[in-house]
Each structure stands twice: as structure tokens, then as C-alpha cells.
Amino acid sequence: MDHLVDLLERSRRAVARADYVQAAALAAEMEAVLDALPKLRDPAPLQRLREMAAQNALFLAAARKGLRAAMRRLEEIRRVSAGGQTYDGEGRLSNLSTTA
């Protein structure tokens with residue numbers, strides 16, 4: 001169990017520093033460790049692992065949301081640097097480079 005706790009903590013730290021390659025490697029290692037665990041009759045020892053995994057899931061969701069926002073912003077910057085778009089006086093979308 002201690003090994004899984006360590007893996008979950010390392011995974012959280014990897015996501016915090018945006019090291020998604022390391023986070024993916026740790027996820028694969030966690031799967032292997034979980035597959036090797038004997039079936040427990042008492043689920044109580046797993047409660048801490050469940051709580052840590054739930055916290056990591058929230059952390060990953062927040063990271064994913066941030067990455068998507070950054071990607072949208074980069075796309076906006078790319079569009080503006082390529083001339084951008086605006087609406088003309090009649091409400092039609094037009095390129096800034098062709099708007100007079």
C-alpha cells in the first residue's frame with residue numbers, strides 16, 4: 001500500500017509541474033501494482049488510496065481545463081496575428097485585413 005501512496009503523491013507532483021510524460025508513466029506503474037495486489041476482504045485500508053485518487057482526479061481535471069483554456073487563447077492569438085476578424089456595420093463577419 002505504501003508504494004501506491006508514493007505513486008499517487010509522485011503523480012500529483014508530476015501534474016503540478018506539468019510533467020505529463022512522467023504522470024503517464026506513473027499511471028502505468030500504478031496499474032501494474034494494482035493488478036498485482038491480492039484481493040482484500042476488508043476495503044478499509046483502501047480508503048486513503050481512494051481519497052488520494054479522487055484528489056488527483058480533481059487535480060488532473062483542473063490541469064486539463066487549464067490546458068484547454070491555454071489552447072483556445074493561443075488559437076485566438078494566432079487568428080489575430082493572421083489579420084483577425086471582426087463584424088462589419090451590418091453584422092457580417094469579415095477579416096480585419098480586408099475591412100476598410
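R92 is partly exposed, with a relative accessible area of 49%, where partly exposed covers the range between buried (under 20% relative accessible area) and exposed (over 50%), computed with a 1.4 Å probe on protein chains only. This is a predicted model, in which local features need pLDDT of at least 70 and side-chain atom pairs count only at pLDDT 80 or more, while totals for chains, interfaces and linings use all residues. Residues are numbered from 1 along each chain as its sequence is written, and side-chain values use heavy atoms, with hydrogens and water left out.

**Salt bridges around R92**

- The structure holds 7 salt bridges, each defined as a side-chain nitrogen of Lys or Arg within 4 Å of a carboxyl oxygen of Asp or Glu.
- One of them pairs R92 with D88, with 3.1 Å between the closest N and O atoms, and D88 is itself partly exposed at a relative accessible area of 25%.
- R92 also forms a salt bridge with E90, where the closest N and O atoms are 3.3 Å apart, and E90 counts as exposed at 64% relative accessibility.
- Through these shared partners, D88, E90 and R92 are joined into one network.

**The pair in helix α1**

- D6 and R10 form a salt bridge whose closest N and O atoms lie 3.3 Å apart.
- Both residues belong to helix α1 (residues 2-16), where they sit 4 residues apart, about one turn of the helix; helices are DSSP runs of H or I with at least four residues, numbered from the N terminus.
- R10 counts as partly exposed at 27% relative accessibility, and D6 counts as partly exposed at 29%.

Notes: Helices (H or I, at least four residues) and strands (E, at least two) are DSSP runs, numbered from the N terminus.
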